Amino acid sequence: MKRVSIHDRIRGDIEGRIMSGTWEAGHRLPPEHALMEEYGCSRMTVHKAIDGLVDRGLIDRRKRAGSFVAAPKAHRAALEIPDVASEIVGQGKAYRLGLIARVEREADSRDRDLLEIAGGPVLSLHCLHRADGKPFALEERLISLAAVPAARDVDFAQESPGGWLLAHVPWTDARHRIAAIAASLAVADRLGVAVGSPCLSVERWTWRSDARITYARQLYPGDRHALVASFLA
(Lines give C-alpha, C1' and ligand atoms only; values in the text may rest on other atoms or scores of the structure.)
Protein backbone atom coordinates (compact mmCIF):
# COMPACT_ATOMS: atom_id res chain seq x y z
CA MET A 1 0.00 0.00 0.00
CA LYS A 2 1.42 3.36 -1.04
CA ARG A 3 2.20 5.63 1.88
CA VAL A 4 0.57 9.07 1.75
CA SER A 5 3.04 11.93 2.15
CA ILE A 6 2.43 14.53 4.85
CA HIS A 7 1.92 17.36 2.37
CA ASP A 8 -0.68 15.23 0.50
CA ARG A 9 -2.39 14.55 3.83
CA ILE A 10 -2.52 18.24 4.70
CA ARG A 11 -3.78 19.12 1.23
CA GLY A 12 -6.43 16.38 1.35
CA ASP A 13 -7.64 17.40 4.82
CA ILE A 14 -8.02 21.05 3.82
CA GLU A 15 -9.70 20.17 0.51
CA GLY A 16 -12.11 17.89 2.38
CA ARG A 17 -13.15 20.72 4.70
CA ILE A 18 -13.75 23.01 1.73
CA MET A 19 -15.67 20.38 -0.25
CA SER A 20 -17.88 19.52 2.75
CA GLY A 21 -18.76 23.18 3.30
CA THR A 22 -17.10 23.20 6.74
CA TRP A 23 -14.79 25.95 5.48
CA GLU A 24 -16.69 28.34 3.20
CA ALA A 25 -15.40 31.06 0.89
CA GLY A 26 -13.47 33.68 2.86
CA HIS A 27 -12.58 31.34 5.72
CA ARG A 28 -9.04 32.04 6.94
CA LEU A 29 -6.82 28.97 7.14
CA PRO A 30 -4.85 28.36 10.35
CA PRO A 31 -1.43 30.03 10.17
CA GLU A 32 1.42 27.92 8.84
CA HIS A 33 3.04 27.54 12.28
CA ALA A 34 -0.24 26.07 13.61
CA LEU A 35 -0.37 23.54 10.76
CA MET A 36 3.32 22.70 11.36
CA GLU A 37 2.50 21.91 14.99
CA GLU A 38 -0.68 19.95 14.13
CA TYR A 39 1.04 17.72 11.56
CA GLY A 40 4.52 17.66 13.09
CA CYS A 41 6.19 18.83 9.90
CA SER A 42 8.35 21.61 8.46
CA ARG A 43 7.20 24.96 7.08
CA MET A 44 8.31 23.79 3.63
CA THR A 45 5.91 20.83 3.80
CA VAL A 46 2.96 23.06 4.79
CA HIS A 47 3.92 25.56 2.09
CA LYS A 48 3.97 22.80 -0.54
CA ALA A 49 0.50 21.57 0.50
CA ILE A 50 -1.02 25.05 0.32
CA ASP A 51 0.72 25.72 -3.00
CA GLY A 52 -1.13 22.72 -4.45
CA LEU A 53 -4.47 24.15 -3.29
CA VAL A 54 -3.61 27.60 -4.68
CA ASP A 55 -2.83 25.98 -8.04
CA ARG A 56 -6.26 24.31 -8.02
CA GLY A 57 -8.00 27.61 -7.31
CA LEU A 58 -9.22 26.55 -3.87
CA ILE A 59 -7.04 28.89 -1.82
CA ASP A 60 -6.13 32.57 -2.16
CA ARG A 61 -2.91 33.82 -0.59
CA ARG A 62 -2.99 37.43 0.60
CA LYS A 63 0.22 39.22 1.47
CA ARG A 64 0.52 39.88 5.20
CA ALA A 65 -3.04 38.57 5.75
CA GLY A 66 -2.72 34.81 5.32
CA SER A 67 -4.42 32.13 3.23
CA PHE A 68 -8.17 32.07 2.64
CA VAL A 69 -10.71 29.76 1.00
CA ALA A 70 -11.23 31.17 -2.49
CA ALA A 71 -14.63 32.34 -3.65
CA PRO A 72 -15.99 30.11 -6.43
CA LYS A 73 -14.89 31.60 -9.73
CA ALA A 74 -16.96 31.82 -12.88
CA HIS A 75 -15.73 29.12 -15.23
CA ARG A 76 -15.79 30.43 -18.78
CA ALA A 77 -16.11 27.92 -21.55
CA ALA A 78 -17.16 28.02 -25.18
CA LEU A 79 -20.70 27.38 -23.98
CA GLU A 80 -21.93 29.01 -20.81
CA ILE A 81 -24.99 27.66 -19.01
CA PRO A 82 -25.89 29.85 -16.02
CA ASP A 83 -27.82 28.84 -12.94
CA VAL A 84 -31.51 28.78 -13.82
CA ALA A 85 -32.56 31.10 -10.97
CA SER A 86 -29.91 33.68 -11.92
CA GLU A 87 -30.92 33.41 -15.56
CA ILE A 88 -34.57 34.14 -14.78
CA VAL A 89 -33.75 37.07 -12.50
CA GLY A 90 -31.33 38.36 -15.15
CA GLN A 91 -34.24 38.53 -17.59
CA GLY A 92 -36.09 40.81 -15.19
CA LYS A 93 -38.63 38.16 -14.25
CA ALA A 94 -39.81 36.94 -10.86
CA TYR A 95 -38.25 33.59 -9.92
CA ARG A 96 -40.08 30.88 -8.01
CA LEU A 97 -38.88 27.40 -7.16
CA GLY A 98 -41.20 24.45 -6.73
CA LEU A 99 -39.70 21.33 -5.11
CA ILE A 100 -41.47 18.25 -6.48
CA ALA A 101 -39.49 15.54 -4.70
CA ARG A 102 -36.49 15.19 -2.40
CA VAL A 103 -35.13 11.72 -1.60
CA GLU A 104 -31.95 10.71 0.21
CA ARG A 105 -30.88 7.14 -0.55
CA GLU A 106 -28.04 4.76 -1.24
CA ALA A 107 -27.12 5.09 -4.91
CA ASP A 108 -29.07 2.68 -7.11
CA SER A 109 -27.77 1.42 -10.46
CA ARG A 110 -29.08 4.46 -12.37
CA ASP A 111 -27.55 6.86 -9.83
CA ARG A 112 -24.20 5.09 -10.11
CA ASP A 113 -24.29 5.28 -13.90
CA LEU A 114 -25.25 8.95 -14.00
CA LEU A 115 -22.77 10.08 -11.35
CA GLU A 116 -20.14 7.56 -12.46
CA ILE A 117 -19.54 6.44 -8.86
CA ALA A 118 -19.16 3.03 -7.26
CA GLY A 119 -21.84 3.72 -4.66
CA GLY A 120 -22.60 5.73 -1.53
CA PRO A 121 -25.38 8.08 -0.40
CA VAL A 122 -26.98 10.47 -2.88
CA LEU A 123 -29.59 13.22 -2.71
CA SER A 124 -32.16 13.08 -5.52
CA LEU A 125 -34.06 16.29 -6.31
CA HIS A 126 -36.84 17.07 -8.77
CA CYS A 127 -38.00 20.66 -9.07
CA LEU A 128 -39.77 23.11 -11.35
CA HIS A 129 -38.35 26.58 -11.98
CA ARG A 130 -40.93 29.27 -12.77
CA ALA A 131 -40.52 32.70 -14.37
CA ASP A 132 -43.33 35.20 -13.68
CA GLY A 133 -45.45 32.26 -12.58
CA LYS A 134 -44.98 30.25 -15.79
CA PRO A 135 -43.00 26.97 -16.06
CA PHE A 136 -39.47 27.75 -17.25
CA ALA A 137 -37.48 24.54 -16.67
CA LEU A 138 -37.97 21.12 -15.15
CA GLU A 139 -34.92 19.86 -13.28
CA GLU A 140 -33.70 16.48 -12.10
CA ARG A 141 -30.54 16.58 -9.98
CA LEU A 142 -28.37 14.04 -8.17
CA ILE A 143 -25.82 15.18 -5.57
CA SER A 144 -23.16 12.84 -4.23
CA LEU A 145 -23.40 13.18 -0.45
CA ALA A 146 -19.99 11.57 -0.08
CA ALA A 147 -18.55 14.59 -1.93
CA VAL A 148 -20.97 17.23 -0.61
CA PRO A 149 -22.35 16.14 2.81
CA ALA A 150 -23.45 19.72 3.59
CA ALA A 151 -26.23 19.36 0.98
CA ARG A 152 -28.17 17.26 3.52
CA ASP A 153 -28.93 20.38 5.57
CA VAL A 154 -30.02 22.70 2.75
CA ASP A 155 -33.69 23.58 2.27
CA PHE A 156 -33.97 23.09 -1.48
CA ALA A 157 -37.62 24.06 -1.32
CA GLN A 158 -36.33 27.60 -0.81
CA GLU A 159 -32.93 27.61 -2.54
CA SER A 160 -32.12 26.64 -6.12
CA PRO A 161 -29.87 23.54 -6.11
CA GLY A 162 -27.67 24.87 -8.90
CA GLY A 163 -27.28 28.26 -7.25
CA TRP A 164 -26.36 26.75 -3.90
CA LEU A 165 -23.77 24.43 -5.42
CA LEU A 166 -22.15 27.23 -7.44
CA ALA A 167 -21.92 29.41 -4.32
CA HIS A 168 -20.62 26.77 -1.90
CA VAL A 169 -18.89 23.93 -3.75
CA PRO A 170 -15.82 24.62 -5.92
CA TRP A 171 -15.41 22.40 -8.99
CA THR A 172 -12.63 21.84 -11.49
CA ASP A 173 -14.30 20.10 -14.44
CA ALA A 174 -17.67 19.93 -16.15
CA ARG A 175 -19.26 18.12 -19.06
CA HIS A 176 -22.46 19.02 -20.89
CA ARG A 177 -24.75 17.12 -23.21
CA ILE A 178 -27.45 18.95 -25.14
CA ALA A 179 -30.27 17.34 -27.10
CA ALA A 180 -33.69 18.04 -28.58
CA ILE A 181 -36.45 15.77 -27.26
CA ALA A 182 -40.22 15.42 -27.58
CA ALA A 183 -42.15 16.09 -24.36
CA SER A 184 -43.53 12.97 -22.71
CA LEU A 185 -46.90 13.10 -20.95
CA ALA A 186 -45.28 13.71 -17.55
CA VAL A 187 -42.92 16.41 -18.89
CA ALA A 188 -45.69 18.09 -20.90
CA ASP A 189 -47.90 18.24 -17.81
CA ARG A 190 -45.17 19.91 -15.71
CA LEU A 191 -44.08 22.40 -18.39
CA GLY A 192 -47.58 23.24 -19.60
CA VAL A 193 -46.98 22.21 -23.21
CA ALA A 194 -48.60 19.69 -25.55
CA VAL A 195 -47.39 16.09 -25.54
CA GLY A 196 -44.74 15.70 -28.23
CA SER A 197 -43.75 19.37 -28.16
CA PRO A 198 -40.05 20.01 -28.81
CA CYS A 199 -38.00 20.57 -25.66
CA LEU A 200 -34.36 21.33 -25.02
CA SER A 201 -32.56 18.86 -22.75
CA VAL A 202 -29.39 20.12 -21.05
CA GLU A 203 -27.40 17.64 -18.95
CA ARG A 204 -24.42 18.63 -16.83
CA TRP A 205 -21.85 16.69 -14.83
CA THR A 206 -19.43 18.48 -12.48
CA TRP A 207 -16.59 17.17 -10.37
CA ARG A 208 -13.65 18.25 -8.23
CA SER A 209 -10.50 16.37 -9.25
CA ASP A 210 -11.72 12.73 -9.09
CA ALA A 211 -14.69 13.39 -6.81
CA ARG A 212 -18.04 13.50 -8.62
CA ILE A 213 -20.23 16.29 -7.27
CA THR A 214 -23.50 16.39 -9.18
CA TYR A 215 -25.48 15.38 -12.23
CA ALA A 216 -28.31 17.61 -13.46
CA ARG A 217 -30.79 17.45 -16.30
CA GLN A 218 -32.84 20.52 -17.14
CA LEU A 219 -35.70 20.43 -19.64
CA TYR A 220 -36.89 23.65 -21.29
CA PRO A 221 -39.85 24.22 -23.64
CA GLY A 222 -38.22 24.58 -27.05
CA ASP A 223 -39.74 27.97 -27.83
CA ARG A 224 -38.77 29.59 -24.51
CA HIS A 225 -35.05 29.09 -24.22
CA ALA A 226 -31.83 29.59 -26.15
CA LEU A 227 -28.18 28.78 -25.52
CA VAL A 228 -25.43 31.28 -26.28
CA ALA A 229 -21.92 30.20 -27.23
CA SER A 230 -18.78 32.34 -26.90
CA PHE A 231 -15.49 31.66 -28.62
CA LEU A 232 -12.57 32.40 -26.31
CA ALA A 233 -9.13 33.40 -27.49
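Student: Is the crossing of α1 and α3 left-handed or right-handed?

Tutor: Happy to take a look, and bear in mind that this is a predicted model. The chain has a mean pLDDT of 86, with 90% of its residues at 70 or more. One stretch to treat with care is residues 74-78, where the pLDDT is below 50.

Now for your two helices. Helix α1 covers residues 6-20 and helix α3 covers residues 43-55. Their axes are 8 Å apart, and the helices pack at an angle of about 45°. An angle of 65 to 115 degrees would count as roughly perpendicular, and one under 35 degrees as roughly parallel, so α1 and α3 are oblique to each other. As for your question, α1 crosses α3 in the right-handed sense.

Who does the touching? On the α1 side you'll find I6, H7, I10, R11, I14 and E15. They meet T45, V46, K48, A49, G52 and L53 on the α3 side. Sorted by kind, the residues of this contact come to 6 nonpolar, 3 polar and 3 charged.

To place that in its surroundings, look at the sheet too. The model has an open sheet of 6 strands with antiparallel pairing, in the order β3-β4-β5-β8-β7-β6. Strands β3 (95-106) and β6 (173-182) are its edges, each pairing on one side only. Another helix, α6 (residues 161-168), lies across β3, β4, β5 and β8, and runs at about 50° to β5.

Key. Residues numbered from 1 in each chain as written. Predicted model: local features only at pLDDT ≥ 70, side-chain atom pairs only at ≥ 80, totals over all residues. Heavy atoms only, no water. pLDDT = per-residue confidence, 0-100. Contact = heavy atoms within 4.5 Å. Pairing = 2+ DSSP bridges. Helix = DSSP H or I, 4+ residues; strand = E, 2+ residues; numbered from the N terminus. Axes fitted to C-alpha atoms, helices over the stretch in contact; angles between N-to-C directions. Parallel < 35°, antiparallel > 145°, perpendicular 65-115°, else oblique. Left-handed = near helix turned anticlockwise from the far one by under 90°. Nonpolar A, V, L, I, M, F, W, Y, C, P; charged D, E, K, R; others polar.
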